[in-house]
Structures are given as C-alpha cells and as structure tokens.
Amino acid sequence: MKYQPSRRTKRLAIGTVALMAVAGMNAPWLIRFTSEQYHEYNINRPAYKAENGLWQTVDVPQKYRINAIHAALLHTGKVLLVAGSGNDAKQFAAKTFRSVLWDPEKNTFKNIPTPKDMFCAGHTQLPDGKLLIAGGTQRYETLEGDVEKAGGLMIVSNENPDKPMTLPKGTKFKGNKSGKVFETQQPLQIPRAEKKETATGATVTATQRRIYVEAARKGKKHSTGDTEQYTILGLKGDDKRNVYGVANKISFDKKDFQGIRESYEFDPVSERYIPVAPMEDARWYPTLTTLEDGRVLTVSGLDDIGEVSEKVELYDPKTKKWKTLPKERYFPTYPGNFLTEGGKILFTGTSSGYGPADEGRTPGLWDWRTDRFTKIPGISDPDALETSMAVLLPPAQDQRYMVLGGGGIGESRKVTDKTRIVDLKADKPRFTDGPPLYRPARYPSSVILPDDTVLTTNGSAGYRGYSSSDILRAQLYNPGTNTSRPVADPLVGRNYHSGALLLPDGRVMTFGSDPLFDDKANTKPGTFLQQMDVWSPPYLFRDARPTLTAPDKEPQRVKLGGTAAFGTDDPSEIKQMRLIRPSSFTHVTNVEQRSIALDFERTSDGVEVTIPKDPTLVPPGYYMVNAVDGDGVPSKAVWVHVPVADKFE
C-alpha cells in the first residue's frame with residue numbers, strides 16, 4: 001500500500017519548507033543574531049571575565065554629554081572631563097565652553113562653568129591637589145580656499161623709553177605706502193624701550209612684540225606681498241611717532257589654530273575654576289610637567305600666530321605666576337615629557353599634531369636647567385612616533401619607559417605596531433623593541449594598573465580613523481615577563497581625541513573619539529563619540545580582594561621618607577603596596593601616571609608603608625595607595641597627600 005502522509009505531517013512539512021525559505025532569505029540576519037547572542041553569553045561567563053575582564057557603558061544623562069577632549073582624576077575620586085568648544089567651530093563662535101564633573105562611585109554628574117576655551121590646553125596635578133590648566137584655543141584653523149580675509153604677523157615696536165603702550169583688540173594699522181588697513185585680533189602690551197646711558201650720551205633700543213592681524217575687509221585685493229611700515233590709527237603726537245608696526249607678507253594662506261595665554265587652577269573641593277596669572281606665550285597643544293619641587297615646566301604649543309612656541313616657562317603654585325627661562329627649546333606639540341629620577345626630563349619622541357618632520361623628533365634626556373639635550377638611540381620606526389603613546393612602566397623605580405604604536409607626520413599612511421622600551425638605569429640607555437601591539441595603531445591609550453600590568457586599548461590604523469580603521473582590541477603588558485596577552489575587546493572604536501585613565505576602584509574608564517568620517521568611503525562627516533565606557537580588569541572577578549582602610553576620613557599627609565598606616569582584614573595576604581599618581585590625559589599624552597613600589601611592614605591589623613625619599617621619583621601631590629595580594633588582586637585605593645619636600649619650602 002502506498003504511503004499517504006497525514007494532514008498534520010503535510011502541515012509540518014509545509015511549515016518546515018516555509019521556515020527554511022525564510023531562513024534562507026534572512027540567513028545573514030540569523031547568523032548575526034546568533035553570533036551576537038553567543039558573544040553576549042560568552043563575555044558574561046565568569047571564567048571569561050576572570051581571564052579577560054568586562055567592558056560596560058556608563059549611563060550618562062543627555063544634558064551631561066560632552067565632546068570630552070581632556071580627563072583628569074581628582075583626589076576627591078571624581079573625574080573632570082573638559083571639552084571647551086569640543087573641536088566644534090560653531091560652539092567656539094557661540095562661546096559655548098563645557099566641563100563636566102563625574103563621580104564614578106555614585107555615577108552622578110555636574111556641569112562646571114568654563115570661563116575660556118580650554119580645548120587643546122595642557123594640564124597637570126599640583127602639589128595641593130588642584131589641577132593646573134594652561135592654554136587653549138584663541139582661533140580655529142581656516143583651510144586654504146576658505147580664508148576670507150588676509151592675515152599674518154605684525155611686529156609692533158615702541159621707541160619711547162618713558163612709556164609702555166597698551167593696544168586694545170581691534171587696533172587698526174594702516175600701511176604707509178599701500179594704505180591697506182589691518183586689525184589686531186587680541187589686545188597687546190608693549191613695554192617701554194630700553195634706555196642706556198653712555199659716556200657719549202644715551203642709547204635707546206626699541207622693544208618689540210608680535211601680534212596677529214587681519215585685513216579690515218574681505219577679498220584678496222587686501223592682501224600684501226612686500227615689507228611695509230604701518231601707522232597705528234588713533235595715536236597722536238609722540239605716541240604716533242614712537243609706536244608703529246612692520247609686516248612682511250600678509251596673505252590668504254591656510255590659517256593654523258592659535259593658542260591663548262590664560263591659565264586656571266581647578267579646585268576639586270569648591271569644584272570651580274580659579275584664574276591665575278597668564279603665561280608669556282599663548283599655547284595650543286602644550287605639555288605641562290610637574291617637577292620635584294612642585295613647579296610646572298611648560299613647553300611647546302601653537303602660539304597666538306599659529307607657530308610652535310619655543311619658549312620654556314615655569315609656573316610656581318606659591319605665587320601663581322609664570323617665569324620664562326632664558327634659553328629656548330623646540331618640541332613638537334604635546335611632547336611626551338616625563339620627569340625622571342634625578343630631575344631631568346625624558347622626551348620619549350611621542351607627540352601629537354604639529355611641527356616639521358625633521359626637527360625635534362629624536363628622543364632624549366633634557367636637563368632643562370642647562371638646556372643640555374642628550375639623544376637616546378635605537379628607537380624603531382622613528383618616522384612613526386606622532387600619535388604614539390608613552391608610559392613609565394611600573395614600578396617607577398625601574399625607570400623603564402615604553403613607547404607604543406604611532407604613525408607618520410600629519411595624514412601620512414605610515415603606522416606601526418612597534419613597542420619600544422628604554423632603561424634609563426642602563427650604562428648607555430638605548431631603545432629596544434618589546435612585544436608588538438595587537439595591530440599597527442595610532443592613538444592607543446595605555447593605563448598602568450595596580451597589579452603592575454599595563455592595559456593598552458583602541459586606536460586606529462589610519463589618521464583619525466580614516467576608512468573606518470578603528471581597532472577594537474585591547475591587551476595587557478607584563479613588564480616583569482616582557483609579554484603581552486589579549487583581553488576583552490572594547491565596545492566601540494576610539495581614535496583622535498580619546499583617552500583612558502585608572503579609577504580609584506581599580507577599573508579603567510575610556511572616553512572620546514573624533515573621526516573625520518563615519519564611513520569606510522570617507523564621504524560622511526564624522527560624529528564625535530560622547531559615549532564613556534569602563535573596563536573591569538580580570539582581578540575584579542576573582543574570589544575576593546584585599547581591603548585597605550585609612551585611620552581618618554581625610555587623606556593622610558605623609559612626607560617623603562615618612563610612614564603611613566592602613567588597616568586591612570588579613571595582613572598576611574598582602575604581597576605588595578603601590579603608590580599611584582592620578583592621571584591627566586589628553587591627545588595620547590599622560591605624563592602624570594606613575595606607579596611607585598612601597599616598602600611596607602605588616603602589623604597585627606594592617607600595614608605600614610614608607611614613602612621613598614626621592615622627590616624626583618615621588619613629585620608632590622595626592623596619590624592613591626593600593627594593597628595587592630598574592631594573586632595580583634588590588635584593594636580599592638586610599639588617598640594620601642605627599643607635600644613639597646622640606647628642602648624646597
């Protein structure tokens with residue numbers, strides 16, 4: 001008898017065929033859905049997290065989302081996020097400048113009134129726990145073809161030895177030959193001329209100051225090509241004769257970004273910006289390095305006419321004033337300048353943004369007091385140091401520094417996966433290669449962890465993420481074994497204007513990303529990534545972590561060479577103690593972070609640590625203290641305050 005399928009069997013067969021047909025048409029979606037579901041399941045397995053850690057997105061309410069360009073951890077445990085105008089010319093024109101204070105423990109936010117455009121400023125931690133922010137943006141760049149007014153440099157002279165001159169913004173200069181009129185874009189002060197008495201009479205030497213000027217009218221016919229002297233309109237009598245301008249070519253060439261002189265201290269307690277004395281030179285993309293005596297060394301940055309400043313300035317937190325050193329030194333913008341043991345500055349060769357390819361790119365040790373610079377040889381891919389990351393490997397006593405990744409100058413397609421390490425305690429320091437990065441990468445972010453490993457994450461294979469080249473990779477480097485291993489992939493790509501820093505609870509936050517384009521074909525203008533993420537390292541997924549408690553709510557004040565006591569549940573479990581300086585990160589530059597090994601003794605109910613005596617190893621300021629057990633699991637951090645060394649008071 002011939003087999004006759006039942007109606008139920010027929011319905012099942014028809015349904016199966018239909019389902020298979022639908023599945024065939026939607027196979028990519030089903031595969032993606034299945035892989036995403038599996039990925040979500042896999043990364044949340046306890047065993048996976050204990051090996052690779054876990055990334056999570058921070059819930060940021062809309063009114064607190066900003067284009068975070070800068071981030072600094074404060075001794076209150078909060079993070080100051082600074083956008084300024086956020087690389088947004090419309091916000092700059094509207095004078096809309098933003099800062100937000102984030103409390104990672106409570107996940108609360110606060111908008112901070114921001115007095116100036118701190119976009120692309122420099123910053124550093126001060127001895128009293130305030131954050132110094134210097135420089136920022138006076139003018140956005142204008143590309144060739146978009147320039148509407150001729151602009152350029154004017155040298156203004158004052159020949160009067162008895163009277164300084166102040167010229168307000170908008171002062172007009174008229175050419176004595178051409179009759180063309182140019183206006184100053186900022187106020188200008190010109191000191192009185194220098195007068196010296198001699199046996200035959202007095203000699204007077206005019207003082208000179210530079211200022212950027214623009215044509216009073218639009219159009220190329222208002223540009224110039226010859227050197228010419230200019231009379232200042234509105235001045236009369238002796239002032240008109242004694243004060244004048246001289247300019248060469250005032251053109252329609254591309255106009256670079258320009259910096260500002262203003263400086264501020266951000267007070268973590270009152271949570272506000274406090275103005276301090278301005279710098280002598282305006283700076284955009286400068287690096288600030290806190291020295292062993294608490295003063296701050298400032299170099300580089302584009303000045304108020306868009307040229308890289310070569311002046312070296314020192315900020316004194318006691319007087320709140322700047323001093324310009326007699327000798328100048330050129331560095332490309334945002335140079336990786338670290339305070340080394342002994343007090344010299346290590347220029348790692350890292351930088352971001354501006355400066356010629358053949359000047360100031362070689363790593364070396366700089367004695368800023370004598371201006372002697374000793375080059376350090378051996379660095380691989382020396383033409384791919386721009387947009388690379390540099391870090392002082394833990395513990396800081398070893399004085400080993402690593403340079404990671406990087407690319408060629410500007411929009412060069414050159415990119416490298418090299419890591420390079422130099423040991424400053426070697427007889428003849430020389431860079432050697434370490435294990436490679438996950439991929440060739442610009443803009444990687446590296447963070448020192450309390451267990452003496454270094455997390456490096458993100459970056460892109462192209463300039464500002466060209467052609468959707470963001471890298472979703474992360475790895476841990478172990479300085480003790482000189483090996484790296486992969487950890488959990490980050491959730492989003494991060495390239496230019498991104499960064500990362502360690503939080504007091506042992507997690508790592510990542511922020512920012514500013515691609516030029518949002519598509520692989522480079523046709524859709526990029527969108528600034530306002531999402532913030534946190535990575536919980538593998539050590540947070542182990543059975544338990546040690547505790548560390550301070551005797552008082554206020555951070556202990558511990559002098560160099562002094563001791564501090566902390567409580568802990570099981571002193572026998574503590575294998576090492578670390579003193580970690582809070583980070584201040586922008587543009588692949590974080591010269592603050594350092595982890596210092598502490599000598600310690602176990603007590604009946606805790607540990608007693610000793611702070612090293614060397615102020616060049618432990619520059620003054622607030623620090624996090626972590627206890628680490630035998631499994632490499634750190635405690636939550638407890639804060640201490642290391643004041644300026646007695647010999648500098």
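**Domains, sheets and pockets of the predicted model**

The protein chain is divided into domain 1 (52-142 + 255-540), domain 2 (151-247) and domain 3 (556-642), with bounds taken from an automatic or database domain assignment. The structure is a predicted model, in which local features need pLDDT of at least 70 and side-chain atom pairs count only at pLDDT 80 or more, while totals for chains, interfaces and linings use all residues. Residues are numbered from 1 along each chain as its sequence is written, and side-chain values use heavy atoms, with hydrogens and water left out. Taken over C-alpha atoms, the centres of domain 2 and domain 3 are separated by 56 Å.

Two annotated spans were examined. In an unreviewed UniProt entry, residues 149-250 carry the annotation "domain: GlxA-like beta barrel"; UniProt positions are given in the numbering used here, feature names are shortened, and annotations may be inferred rather than shown by experiment. The chain over residues 149-250 is 6% helix and 50% strand, and its end C-alpha atoms are 10 Å apart. Helices (H or I, at least four residues) and strands (E, at least two) are DSSP runs, numbered from the N terminus. The unreviewed UniProt entry also places "domain: Galactose oxidase-like Early set" at residues 545-642. For residues 545-642 the content is 0% helix and 44% strand, with the end C-alpha atoms 26 Å apart.

A barrel is closed by 6 strands in the order β9-β16-β12-β11-β17-β18, with antiparallel pairing; two strands pair if DSSP finds at least two bridges between them. From one strand to the next, the twist averages 40°, where axes are lines fitted to C-alpha atoms, for helices over the stretch in contact, and angles run from 0 to 180 degrees between N-to-C directions. Strands β11 (residues 172-175) and β17 (residues 228-232) run antiparallel and are joined by 3 bridges. Lys-174 has Thr-231 in β17 as its bridge partner.

An open antiparallel sheet consists of 4 strands in the order β1-β40-β39-β38. Its edges are β1 (54-57) and β38 (498-502), each of which has a single partner strand, so one side of each is left without a neighbour in the sheet. With direction ignored, neighbouring strands of this sheet are turned by 20° against each other on average. Within the sheet, β39 (residues 508-512) pairs with β40 (residues 533-536) in the antiparallel sense over 3 bridges, and Val-508 stands opposite Trp-535 in β40.

Pockets were located on a 1 Å grid over the protein atoms alone, a pocket being an open set of points where a 1.4 Å probe fits, with protein on both sides within 12 Å along at least five of seven lines; lining residues have an atom within 4 Å of a point. The largest pocket has a volume of about 1,400 Å³, a volume being the space filled by probe spheres set on the points, with grid points joined across faces, edges and corners. Its lining comprises 41 residues, and Gln-138, Gln-186, Pro-187, Arg-261 and Asp-304 lie nearest the centre. Domain 1 and domain 2 each contribute at least three residues to this lining. Strand β16 provides the largest share, 4 residues. By class, the lining of the largest pocket holds 14 nonpolar, 9 polar and 18 charged residues; Ala, Val, Leu, Ile, Met, Phe, Trp, Tyr, Cys and Pro count as nonpolar, Asp, Glu, Lys and Arg as charged, and the others, Gly among them, as polar.

The second largest pocket holds about 830 Å³ of space. It is lined by 33 residues, with Asn-87, Glu-141, Tyr-463, Arg-464 and Leu-516 closest to its centre. The lining of the second largest pocket divides into 16 nonpolar, 10 polar and 7 charged residues.
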